[in-house]
Amino acid sequence: MGSPRGRSIFGVGTSIASVAVVVASLSSVLVGPVEQPVLLLVCGAAYLLALTLGVLFVIRLERGQHALVAALFVLGGANVWVSRGATILLLMPLVSLSVLWLTIRSSVALTVLLGIFVALVRSYRGGVSGLGTVADFGSAALFTVIFSRLLQREHAAALRIGRLAADVETRNEQLRASAARIQELATVQERNRIAREIHDSLGHYLTSAHVQLEVARTALLKGGTDAATHVTRAQELVHGGL
């Protein structure tokens, strides 16, 4: 079914193609004998103006697609009526918009209604067989529908790729943050390990050296002769600790 994202599918490139189709359709009729060329030109200009400006407003405002489709239906029907059914290609941008903006049922119903209207106009005003008109309009509409669906799927795939890329970037950010936390935790653990080693090894040396110095001081106070031995031992312990 159609969705709001269809409004962004009908971008600049597709708008230019639609304008080219409308201009080509009108030009092919105006170069030949036309019953009311001025009226046809006015109706064609109104249709073209509604198509270009209307699409821009819908994309900008992100609403009003149903009103624009209705307006293009009326203006396109007026062009077909004035041209006696010769400007059926002018209706293809409307078919494309209905596929992109409306539900499947609504777009199919609109396309069938356009086909019936064109067949009636060409039969009663142009003297052309209804069966041939249905074949002409049906082939052009079928191509337009297939092209619009492909465009819609390509746009949906691009959106999915964009979401996946954003998700991958988010995951990468989370991984970088986790790596930073792990690195910080490893640094803290290393600091704690060094602190434990200092406490267990150097602290032991310093405690032993302190005891030896205390013994040496006591020996000196008592006039003993082994004070130098304790001082030497304390010195060895400090050197070992270093």
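Let's start with helix α4 and what it buries. Its buried residues are Gln 65, Leu 68, Val 69, Leu 72, Gly 76, Gly 77, Asn 79, Val 80 and Val 82. Keep in mind that this is a predicted model.

The helix covers residues 65–82, 18 residues in total. From first C-alpha to last it reaches 26 Å, close to the 26 Å expected at 1.5 Å a residue.

Now pick out Leu 72. Which residues does Leu 72 touch, leaving aside those up to four places away in sequence? Tyr 47, Ala 50, Leu 51, Gly 77, Leu 94 and Leu 97.

Leu 72 also belongs to the largest nonpolar core, which has 33 residues. Leu 72 is among those with the most contacts inside that core, along with Leu 91, Met 92, Leu 94, Trp 101, Leu 114 and Phe 137. Two or more residues each come from α2, α3, α4, α5, α6 and α7. The largest share is from α3, with seven residues. As background, nonpolar side chains tend to be buried together in soluble globular proteins.

Next, what follows α4. That is Arg 84, with a positive phi near 60°. Note that this is a residue other than glycine. Arg 84 sits in the loop between α4 and α5. Buried or partly exposed? Arg 84 counts as partly exposed, because its relative accessibility is 32%.

Last, the surface. Ile 104, Val 108, Val 112, Ile 116, Leu 120 and Tyr 124 make a nonpolar patch of about 600 Å². Ile 104 lies in helix α6, residues 104–124. Its relative accessible area is 37%, so Ile 104 is partly exposed.

Notes. Residues are numbered from 1 along each chain as its sequence is written. This is a predicted model: local features need pLDDT of at least 70, side-chain atom pairs count only at pLDDT 80 or more; totals for chains, interfaces and linings use all residues. Side-chain values use heavy atoms; hydrogens and water are left out. Patches are made of residues with over 30% relative accessible area and no salt bridge: like charges are joined within 9 Å, nonpolar side chains (Val, Leu, Ile, Met, Phe, Trp, Tyr) within 5 Å. Accessible areas come from the Shrake-Rupley method with a 1.4 Å probe; for residues, only the protein chains shown count as cover. A salt bridge is a side-chain nitrogen of Lys or Arg within 4 Å of a carboxyl oxygen of Asp or Glu. Helices (H or I, at least four residues) and strands (E, at least two) are DSSP runs, numbered from the N terminus. Buried means under 20% relative accessible area, exposed over 50%, partly exposed in between (1.4 Å probe, protein chains only). The expected span of a helix is 1.5 Å times one less than its number of residues. A nonpolar core is a set of buried Ala, Val, Leu, Ile, Met, Phe, Trp, Tyr and Cys residues joined through side-chain atoms within 4.5 Å. Contact means heavy atoms within 4.5 Å.
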